[in-house]
Amino acid sequence: MAAEDKHGSTNPLRDPRDRRLSRIAGPSSLVIFGVTGDLARKKLIPAVYDLANRGLLPPSFSLVGFGRRPWSNEDFAAQVKESVQAHARTDFDENVWKQLAEGIRFVEGGFDSDEAFGQLKETLESLDAERGTRGNHAFYLSVPPKSFEQVCQQLSSHGLAETSEGKWRRVVIEKPFGHDLQSARELNNVVESVFPADSVFRIDHYLGKETVQNILALRFANQMFEPIWNANFVDHVQITMAEDIGIGGRAGYYDGVGAARDVIQNHLLQLLALTAMEEPISFDADHLRAEKEKVLAAVRLPADLSKHSARGQYTGGWQGGEKVTGFLEEEGFNPDSTTETFAAVRLDINTRRWAGVPFYLRAGKRLGRRVTEIAVVFKRAPNLLFRDHNDHDFGQNAVVIRVQPDEGATIRFGSKVPGTQMEVRDVSMDFGYGHSFTESSPEAYERLILDVLLGEPPLFPRHQEVELSWKIVDPFEEYWASLDTQPEPYAPGSWGPDSADELLAQDGRTWRRP
């Protein structure tokens, strides 16, 4: 007989010593609020199917949609199938689909409807009885933050957040987690007044990416990196998230938010924490989070924010052979908007490991190419032997972790050029997931949804991390808000405004051009 683990997962074939086999979720359902939105249609629903197709969901798994559309269960199932066929990572399998479709339900109503939440409760109770979901239900809030409080209160008032022996209820929240420290605290108080802290899963999809988790493997599973991963050898660190697209139709969300709140506060500060953290005792959620929180608590801001930050707005022009619209001309934007589409900051970490090593973070839209990477740039080697060369003839060694789109890592070092002369030139040694492994990496949402169903939270930031991140970003936002000028314009297809280059130039450094 198959053994059942503490999360209710069973796998009759699984040998606990064999780490190649994945954990399978136990009996459960996933309720998606905002199920008609783009995120659910393009990411969440396909991820659920991909998990089922990989055999990681139990036969009893059920998917419940909640929305205002006048859909029957069959109507919703048809929408789910269409979404799966258009966006799933794995091939469509009719047998997998039939099993998944048996557990698909839809509840019509708004967030203010007591009747709809009463119907949701009846639906979940019927799934417990008919499909054996055992009272285990996760609620995914793919809705604007302003609706979090209402949905949580409705779940509480209808008894849907209550747990009992052997049953669990969990809530999943999409970023943004507030728009500043105060709002983040208010949001945390609302959610954690209904659900226990260990039942709240804050989704940062970047943390589900294979390469982000590979940061830990690269650092702590290899003897060659960790001894030099410190201020004795590292000159500086650059963390970049560049997009080659503009705002598009996201005016309603993006205006008033900007690059720093949208990307730096969550994605890039999480990457910084993973890059700079000490080795945790284990991969247990409490141990991993504790080390990340220590790093964020040790971050020190520059004394002069004007010299160590930059912000910009992309203009109209030509990019990649296409004429594109400037930010202020995008539909739905105020032509006097001071929202930045590019932001760069310098941060320092006040620990023994990183004292004196600046961390430069930048994020922007309409840049030269789409890329997210972490570049750990090392100090120059003493130029004693190669006296005929200038110091700057030699590049700086670097370890570059590529998060997207070409997942992998590159090591840059100097090598002799073939020939009779002792000429040294930079070369790269490259590792790519697509070249080294036959299995394609799962989508981030596959991993994150499975972790929610398993009750394993290491990849999810808790409220302390969120609040520490806002303490870092808020002073920059307040400084920028005090200025009476708009962000500096930059051309589409460039790498941001001139002030971003000046930010590094004053420290004698330059940005990488990925």
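1. **Ground rules.** The model is predicted, so local features need pLDDT of at least 70 and side-chain atom pairs count only at pLDDT 80 or more, while totals for chains, interfaces and linings use all residues. Residues are numbered from 1 along each chain as its sequence is written, and side-chain values use heavy atoms, with hydrogens and water left out. Helices (H or I, at least four residues) and strands (E, at least two) are DSSP runs, numbered from the N terminus.

2. **Helices α10 and α13.** Two packed helices are described by the angle between their axes and the distance between the axes. Here helix α10 (residues 285–298) packs against helix α13 (residues 463–482) at about 15 degrees, with the axes 9 Å apart. Axes are lines fitted to C-alpha atoms, for helices over the stretch in contact, and the angles run from 0 to 180 degrees between N-to-C directions. Helices α10 and α13 are therefore roughly parallel to each other; that label covers angles under 35 degrees, with over 145 roughly antiparallel, 65 to 115 roughly perpendicular and the rest oblique. The crossing of α10 past α13 is left-handed, meaning that the near helix is turned anticlockwise from the far one by less than a right angle, whereas clockwise would be right-handed.

3. **Who meets whom there.** On the α10 side you will find Arg289, Lys292, Glu293, Leu296 and Ala297, which meet Gln464, Glu465, Leu468, Ser469 and Ile472 of α13. Contact means heavy atoms within 4.5 Å. Sorted by class, the contact of α10 with α13 holds four nonpolar, two polar and four charged residues. In this sorting, Ala, Val, Leu, Ile, Met, Phe, Trp, Tyr, Cys and Pro count as nonpolar, Asp, Glu, Lys and Arg as charged, and the others, Gly among them, as polar.

4. **Helices α7 and α9.** Next, look at helix α7 (residues 210–220) and helix α9 (residues 258–276), whose axes come within 9 Å and cross at roughly 15 degrees. That angle makes α7 roughly parallel to α9. The crossing of α7 and α9 is right-handed. Val212, Ile215, Leu216 and Arg219 of α7 make the contact with Leu271, Leu274, Thr275 and Ala276 of α9. By class, the contact of α7 with α9 has six nonpolar residues, one polar and one charged.

5. The whole structure contains 17 aromatic pairs. Rings of Phe, Tyr and Trp (its six-membered ring) pair if their centres lie within 6.5 Å; planes under 30 degrees apart count as stacked, over 60 as edge-to-face and the rest as tilted. Phe33 and Phe66 form a tilted pair, 4.9 Å centre to centre and with 45 degrees between the planes. Phe33 lies in strand β1 (residues 29–33) and Phe66 in strand β2 (residues 62–67), so this pair ties together parts that are 33 residues apart in sequence. Phe66 also pairs with Phe111: the centres are 6.2 Å apart and the planes at 25 degrees, so this pair is stacked. Phe111 sits in the loop between β3 (104–108) and α4 (114–131), 45 residues from Phe66. Phe33, Phe66, Phe111 and Phe117 form one aromatic cluster.

6. Phe33 counts as buried at 0% relative accessibility, as does Phe66 at 1% and Phe111 at 19%. Buried means under 20% relative accessible area, exposed over 50%, and partly exposed in between (1.4 Å probe, protein chains only).

7. **Backbone details.** A cis peptide bond joins Gln404 and Pro405, with omega about -5 degrees. Pro405 is in the loop between β15 (398–404) and β16 (408–416). Arg134, although not a glycine, has a positive phi of about 60 degrees; this residue is in the loop between α4 and β4 (137–141) and is partly exposed at 45% relative accessible area. Arg366 has a positive phi near 60 degrees and is not a glycine either. Arg366 is in the loop between β13 (358–364) and β14 (371–378) and is buried, at 14%.

8. **Two more residues.** Ser199, in the loop between α6 (181–192) and β6 (200–203), is buried at 11% relative accessible area. Not counting residues up to four places away in sequence, Ser199 touches Arg169, Arg170 and Val171. Gln99 belongs to helix α3 (residues 94–101) and is partly exposed at 38%.
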